[in-house]
Structures are given as structure tokens and as C-alpha cells.
Amino acid sequence: MRKRSILPLKASSPPDSKSRSPFGLDYDPDKINPQHTYALQVRITVDDQLRFLNMAAYPVITRGHPTTVELVVDPVS
């Protein structure tokens with residue numbers, strides 16, 4: 001069974017469709033299992049309404065994947 005974790009982040013101002021909004025995620029490297037696969041998926045909400053999301057997961061951290069990625073999010077209509 002695949003275990004998923006969700007970490008909600010709050011931005012001080014919502015992004016628009018043409019801006020970059022850099023952010024970081026802190027994690028404990030001692031809790032990363034090198035045999036597991038980790039990926040980022042983004043959902044941006046404004047006033048509890050989904051506004052942006054990415055269409056693909058971005059593999060990170062293990063199995064040769066980077067610890068820094070640029071994510072592309074698309075506006076939700």
C-alpha cells in the first residue's frame with residue numbers, strides 16, 4: 001500500500017498565472033528512505049477554492065532525482 005503525505009503551505013499573497021513564487025520545504029534527511037520514491041504535487045487554493053495545480057508529479061530527493069525543482073502550475077478554470 002502506497003503511503004502519501006500532504007504538507008499544506010500558505011503564501012502571503014496568491015500567485016498570478018505569470019509570476020514565479022519561490023518556496024522551500026524543510027524535511028528531516030534522517031527520515032528519508034533512499035529506497036522510497038518521493039514526489040511533489042502542488043495545489044494552490046485561495047479562500048478555500050482551488051486556483052492552480054500541477055498536472056504531473058515531480059520526483060525529488062532519492063533515486064538520482066534533484067533536491068531543487070521548478071514546478072509549473074496551471075490555472076484551474
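Author: Let's start with a word we'll need: a residue is buried when its relative accessible area is under 20%, and exposed when that area is over 50%. Keep in mind that this is a predicted model.

Reader: Okay, let me try that on one residue. Is Thr 62 buried or exposed?

Author: Thr 62 has a relative accessibility of 5%, so it counts as buried. You'll find Thr 62 in the loop between strand S4 (58-60) and strand S5 (74-75).

Reader: Which residues is Thr 62 in contact with, leaving aside its neighbours within four places in sequence?

Author: The list is Ile 32, Asn 33, Pro 34, His 36, Thr 37 and Tyr 38.

Reader: And how much of the protein chain counts as buried?

Author: Of its 77 residues, 10% do. The protein chain exposes about 7200 Å², and 51% of that comes from carbon and sulfur atoms.

Reader: Now the strands. How many helices and strands does the protein chain have?

Author: Zero helices and five strands. Follow the sequence along and you read β-β-β-β-β.

Reader: How do I read a sheet, then? What is the order of the strands in the open sheet?

Author: Check who pairs with whom: two strands pair if there are at least two bridges between them. Here, three strands make an open sheet in the order S2-S3-S5, and the pairing is antiparallel. Strand S2 (43-46) and S5 are the edge strands, as each pairs on one side only.

Reader: How many bridges join S2 to strand S3?

Author: Four, with S2 and S3 (residues 49-53) running antiparallel.

Reader: What about backbone angles? What should I expect for phi?

Author: Most residues other than glycine have a negative phi. A positive value in such a residue is worth a look, and we have a couple to go through.

Reader: Where is Asp 48 found, and what is its phi?

Author: Asp 48 is in the loop between S2 and S3. Its phi is near 65 degrees, a positive value in a residue other than glycine. Asp 48 also counts as exposed, because its relative accessibility is 78%.

Reader: And what is the phi of Ile 61?

Author: Phi of Ile 61 is near 75 degrees, again a positive value in a residue other than glycine. Ile 61 belongs to the loop between S4 and S5. With a relative accessible area of 26%, Ile 61 is partly exposed.

Methods
Residues are numbered from 1 along each chain as its sequence is written. This is a predicted model: local features need pLDDT of at least 70, side-chain atom pairs count only at pLDDT 80 or more; totals for chains, interfaces and linings use all residues. Side-chain values use heavy atoms; hydrogens and water are left out. Helices (H or I, at least four residues) and strands (E, at least two) are DSSP runs, numbered from the N terminus. Buried means under 20% relative accessible area, exposed over 50%, partly exposed in between (1.4 Å probe, protein chains only). Contact means heavy atoms within 4.5 Å. Accessible areas come from the Shrake-Rupley method with a 1.4 Å probe; for residues, only the protein chains shown count as cover.
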